[in-house]
Amino acid sequence: MSQALEEARTAVSHGDVPVGAVVVCRGKIIAARHNERELSGDPTAHAELLAMRDASQVLGSWRLDGCTVVVTLEPCVMCAGALVNARVQTLVYAARDPKAGAVHSLYTIVTDARLNHRLDVVADVMAAESAALLRSFFAERRR
């Protein structure tokens with residue numbers, strides 16, 4: 001999670017919401033990214049999606065079997081769906097997102113028994129640190 005938080009801090013440098021993600025496979029970080037929506041002008045440039053794309057390149061497969069995605073904010077509907085479709089084994093996230101979270105807060109996409117794949121989930125890891133970074137970013141934006 002510490003590496004994901006470092007990625008999140010990098011997002012601030014180009015005006016993006018500070019969310020960072022890493023993909024771990026066989027005990028090694030194989031991808032690390034942060035939000036780049038503002039930087040790229042791409043509405044899908046969420047940290048999780050970018051990290052999963054990079055991890056797929058490293059592994060040579062769209063299937064991220066056995067991988068863990070670590071992210072600083074509870075994934076949205078788009079990212080939760082991508083986690084399921086990529087067959088990620090485990091999701092670890094920091095802060096909950098009561099306005100857009102699709103893992104626990106609003107929806108439970110990654111554990112929905114109706115879908116063809118379900119993830120193991122570990123929530124609230126370094127949540128205070130991630131939430132403080134997000135609060136600081138949005139407080140600064142409102143000024």
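In which helix is the place of Ser130? Ser130 belongs to helix α5, which comprises residues 127–142. The legends below describe a predicted model, in which local features need pLDDT of at least 70, side-chain atom pairs count only at pLDDT 80 or more, and totals for chains, interfaces and linings use all residues. Residues are numbered from 1 along each chain as its sequence is written, and side-chain values use heavy atoms, with hydrogens and water left out.

**Figure 1. Overall fold of the chain.** The chain contains five helices and five strands; helices (H or I, at least four residues) and strands (E, at least two) are DSSP runs numbered from the N terminus. Their order along the sequence is α-β-β-α-α-β-α-β-β-α. The C-alpha trace spans about 45 × 30 × 25 Å along its principal axes. Of the 143 residues, 49% are buried (under 20% relative accessible area, with a 1.4 Å probe and protein chains only). Among contacts (heavy atoms within 4.5 Å) with a separation of 6 or more, 55% join residues 24 or more positions apart.

**Figure 2. Packing of helix α3 against helix α4.** The axes of α3 (residues 47–59) and α4 (residues 77–85) come within 9 Å and cross at roughly 25°. Axes are lines fitted to C-alpha atoms, for helices over the stretch in contact, and angles run from 0 to 180 degrees between N-to-C directions. The two helices are therefore roughly parallel to each other, a term for angles under 35 degrees. The contact involves Glu48, Leu49 and Met52 of α3 together with Met78, Cys79, Ala82 and Leu83 of α4. These residues divide into six nonpolar, no polar and one charged, where Ala, Val, Leu, Ile, Met, Phe, Trp, Tyr, Cys and Pro count as nonpolar, Asp, Glu, Lys and Arg as charged, and the others, Gly among them, as polar.

**Figure 3. Surroundings of Val88.** Val88 is located in the loop between α4 and β4 (90–95). Val88 is buried, its relative accessible area being 0%. Not counting residues up to four places away in sequence, Val88 touches Met52, Leu64, Cys67, Thr68, Val69, Leu83, His117 and Leu119. Arg63 is 25 residues from Val88 along the chain, and their C-alpha atoms are separated by 7.5 Å.

**Figure 4. Surroundings of Ser130.** Ser130, in helix α5, is buried with a relative accessible area of 1%. Leaving aside neighbours within four places in sequence, Ser130 is in contact with Leu5, Thr72, Leu73, Ala94 and Ala95.

Methods: Angles under 35 degrees count as roughly parallel, over 145 as roughly antiparallel, 65 to 115 as roughly perpendicular and the rest as oblique. Buried means under 20% relative accessible area, exposed over 50%, partly exposed in between (1.4 Å probe, protein chains only).
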